[in-house]
Each structure stands twice: as C-alpha cells, then as structure tokens.
Amino acid sequence: MIRRADSKSKLPQWSPADKYYVRKKSFKVAKHSRIRGRPLVLIIIVFSISLLFSLYSFLPYREPNFKSRFKKFPSDSNIVYYDLADSRATASGWTASTEERVLICIPLRDASDHLPLLFSHLRNISYPHSLIDLSFLVSDSEDNTLAVLTQLLEDIQGDSIPDLHYNRADIFEKDFGQIVGQGFSDRHGFAAQGPRRKLMGRARNWLLSAALRPEHSWVYWRDADIEISPQSILEDLMLHDKDVVTPNIWRPLPEWLGGEQREQPYDLNAWQESDAGLDLAKSLPEDAVIVEGYAEYATWRPHLAYSRSTEGDIHEEVDLDGVGGVSILVKADVFRSGAHFPGFAFMNHAETEGFGKMARRMGYRVVGLPNYVIWHVFEASVDDISKQPKKGGAKRRMMTRKEKAAKEAEQEAQEVEFQIPQVPPQNEQHASAERDSPKTTSA
Ligand SMILES: *[C@@H]1O[C@H](CO)[C@@H](O)[C@H](O)[C@H]1NC(C)=O
C-alpha cells in the first residue's frame, strides 16, 4: 500500500498575512457576545468574510515574498538571519500557503543538441517558475553548450509571458578532465564506469554546493536528454512526500532495433540491494566501484526499470538502495545533513548509486515509482547499430519496381506509426491540488 500524501489538514496552519509565519492562535467568539443577538449583523459579517475569501482565490498569483519566511534585519542592513528550523518540504509545496522553493540542478556536457528540448520542457514545467531557481554546470564541453545555454536562458528569462520567468538562473562552468568521451558507447562501456562515475559524483557535488541556498526546500536533479516527461513532474513527485523519489526511466526503440518491442528500460541505476550484490561488495577492494547493469558485475538486484507494470497504479512506491541521476527529487535537508554524490567508493558505490546508499544509511526514505515512467531520448549505441539490418548485400536480389513501391509505402506507414508511448494521465489528486497552483502557460 502506498501512503497517499494528500491530507491538507496535515499541513501546518501558516498564515501568509503574518509577516513571520507565526502559527495562528485559535480564538472563540465569547459566549455572551453581543453579536449573538443580532442575526442580521452576523449574516453580513459571515457573508463579507466569505466574499473576501472567494475574491482572494481569484487574485492573480502573488510574487512570493521569500524573505518573509526568515526573520530579518532592517532592509538596509547587510546582515541576514535565517532560521533553518523553518526549513520544510511538504507534499504540496506549490500552494500559496507553502511556497516551497525548488532548486533544479542540471549537469551539462557537450549537450548543445539536447538543450532546445530541455528548454521546451522547462517552459512547460507547471510548478510556479517564480519558486524555482535553475542551476547549470557546464563541464568538459567541446561543443558550444555554454553559448546555446546562455541564449536559451536569455530567451526564457526575457519572455513576454512573466509566468515563464524562473526566479533565478545560475550557470557554473568547471572542467573535471573527463577521461572518456561523451558518445553512448564511451559512456556505457564497462571499464570506464568506475572512474567516470567518481568524476560525475564530484561534478554534482560542485554544482550542489555552489547552488544550494537556505531558501531551498527541494532539489530536483534532471538530465538534459529527456524526451517525454509530464509537465507536473515536480508536483507529482512531491506528492509522495519522500526524502528521495525517482520515476522510472525508459527509452523508446525504433523498429529496426526493437521489432515488436518499441520500448526498453533505460536507467538500471535504480535498484534494491540483493544478497549477491552484498557478497560481491565483500569480495572487492574497498576502492572498487560496483556499477549496475553490466555482466561483469552480476548482482541479481531487482531493478526499478523492470518492476514496471503498464496496468499498475502510477502512485505505487518501492524502496530503493541505488538511484540513477536522470530525474530525482530530494528534500534539501537530506543534502544539508551531509548526503552527497560520492566521488570515491562509498560502500563500493559512487555518484548517484552511492548517494542512494548513503541516504539509506543516514535513515532517509528512498523510493522509486515503477509505474510513473519518463522517456529518455533514443541514442543508438555501437551495439544497437550492429543490430541494424545491412543495406544491400550479396544475397539480396534487386527488387522489382512494384516491390520497391510496396516497400516504400510500408516504410512510410511505419514512420507514421512510430510514436513514443504516452505518459500516464495525471492523477486526480494532483488535478485538485493544481487548482491552488497558478497556471504557468505555455504558448
Ligand atoms: C511543451 O508544450 C508544448 C505545447 O503544449 C508542446 O508542443 C511541446 O511539445 C511541449 N514540450 C515538451 C518537451 O514536451
């Protein structure tokens, strides 16, 4: 059974009107109040109060006054006081009464081809953009990632639709001297994994430590190369109210590779620990990094990706020990308390898998959503391409003109048919919660 994080009554009763979000004191109308004798007055008062409330909900979205959450010195002072006891991350952070701020961290490397798609997603994110800070790390790029990124950021931050503007955007650049290329096979070959994952862990930590501010309630890690992801992904993940939560990541397959099977698990870094995995760790040197999804390290771990059931509840949760970095929502306090992406072997794991292990070890809840799927872009690996049917070849006889036409028609039909599977519909809970959320329009 999954715990539904829906009950609004569980939210603290903060009043935005109180400058420092003091808890409201309840008060009672005195028993022998003079008002009791005057029903008309009472009705008028009740009516005007309810009118005010209904007007309030029609008001345009207010720019959040972040500073009000923290007691502060006079505005001309250069001293700022933060009460970190106020730091909170709830199941519905986007409402006017919570206004929880999200830091989106996006590591980039030779990513200029994917950036237009990434920004199309960013424009569509339904969580109020004014509550979101974007932070990018550009590292070891030989293409024009930085220039394209800067241009796309200028476009969105200067857009004529104010709702599209993010509260803040930071670009950090630092090279980590990656020793392997960025091609699919370079990145996915076994030998490169250990050193590569350690460097990636370091890169994530540099990005996080540069970008995390006391105002942030949540940190969302996102890869640039996502094809399909719901606009409400932040709210959807947040509703689970878990310390660390990640969706299931698949990729579509073209017909020449998958045949009937037009989709495939992509991220094998999200898993539950197994006895074989623990035994393997014991047999390895302390500094060795186990990476999941390679025959060289048979761990027999259950993967989040393979736990998917197309008819299953999209809210279903499973506990995880390792997580992948494609899309993770984390309560910021998890990082504040010291969890990070190990740039060394931590319990024989590094980067995001090490982060999952570490968060678990610190007592945090780490969950994956087997039936909530987002889609990675399809990139053909050398292995994929080797499965591609050869063109021409000695065995093949020339086709007659008629056969050729038929074949072309067939190919055309297939092209039309090839559609990336759709994401599941949004849940009702979210739909109702969304009413509190300002519309972030996408033109
Ligand atoms: C963003 O929304 C627009 C309009 O609905 C849509 O055309 C576009 O494909 C969306 N972008 C992504 C990346 O889903």
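**A histidine and its partner**

Modeller: Happy to. The side chains of His240 and Glu317 are joined by a polar contact of 2.6 Å. Keep in mind that this is a predicted model.

Biologist: Where is His240 found?

Modeller: His240 sits in the loop between helix 6 (233-238) and strand 6 (244-252).

Biologist: And is His240 buried or exposed?

Modeller: His240 has a relative accessible area of 5%, so it counts as buried.

Biologist: Switching topic to the ligand. Which residues are around it?

Modeller: Around the ligand you'll find Leu117, Ser120, His121 and Asn124. The protein buries 48% of the 360 Å² that the ligand exposes when taken alone.

Biologist: What does that shell look like by class?

Modeller: The shell has one nonpolar residue, three polar ones and no charged ones.

Biologist: What are the distances from the ligand to Ser120 and to Asn124?

Modeller: For Ser120, a polar side-chain atom lies 2.8 Å from a nitrogen atom of the ligand. For Asn124, an N or O atom in the side chain is 2.4 Å from an oxygen atom of the ligand.

Biologist: Which residues of helix 2 are buried?

Modeller: Helix 2 covers residues 115-124, and its buried residues are Leu115, Leu118, Phe119, His121 and Leu122. They span an arc of only 155° around the axis, so they lie on the same side of helix 2.

Biologist: Why would residues a few places apart point the same way?

Modeller: An α-helix has 3.6 residues a turn, so residues three or four places apart point the same way.

Biologist: What do the buried residues of helix 2 pack against?

Modeller: They pack against strand 1 (101-108), strand 2 (132-138), helix 3 (145-157), strand 4 (216-222) and strand 5 (226-228).

Biologist: Now helix 10. How many of its residues are buried?

Modeller: Nine of the 11 residues in helix 10 (351-361) are buried, so to speak a mostly covered helix. Among them are Glu351, Glu353 and Lys357, along with Phe355 and Met358.

Biologist: What covers the buried residues of helix 10?

Modeller: The cover includes helix 5 (193-211), helix 8 (275-283), helix 9 (332-336) and strand 10 (366-376). After helix 10 comes Gly363, with a positive phi near 95°.

Biologist: Last one, the whole chain. How many helices and strands are there?

Modeller: The chain has 13 helices and 10 strands. Of its 443 residues, 47% are buried. The accessible surface comes to about 24000 Å², with 55% belonging to carbon and sulfur atoms.

Note on methods: Residues numbered from 1 in each chain as written. Predicted model: local features only at pLDDT ≥ 70, side-chain atom pairs only at ≥ 80, totals over all residues. Heavy atoms only, no water. Near = heavy atom within 4 Å. Polar contact = N/O pair within 3.5 Å; in protein donor to acceptor, adjacent residues only side chain to side chain. Areas by Shrake-Rupley, 256 points an atom, 1.4 Å probe, with all protein chains shown as cover. Nonpolar A, V, L, I, M, F, W, Y, C, P; charged D, E, K, R; others polar. Buried < 20%, exposed > 50% of the residue type's maximum accessible area, 1.4 Å probe, protein only. Helix = DSSP H or I, 4+ residues; strand = E, 2+ residues; numbered from the N terminus. Arc of directions from axis to C-beta. Contact = heavy atoms within 4.5 Å.
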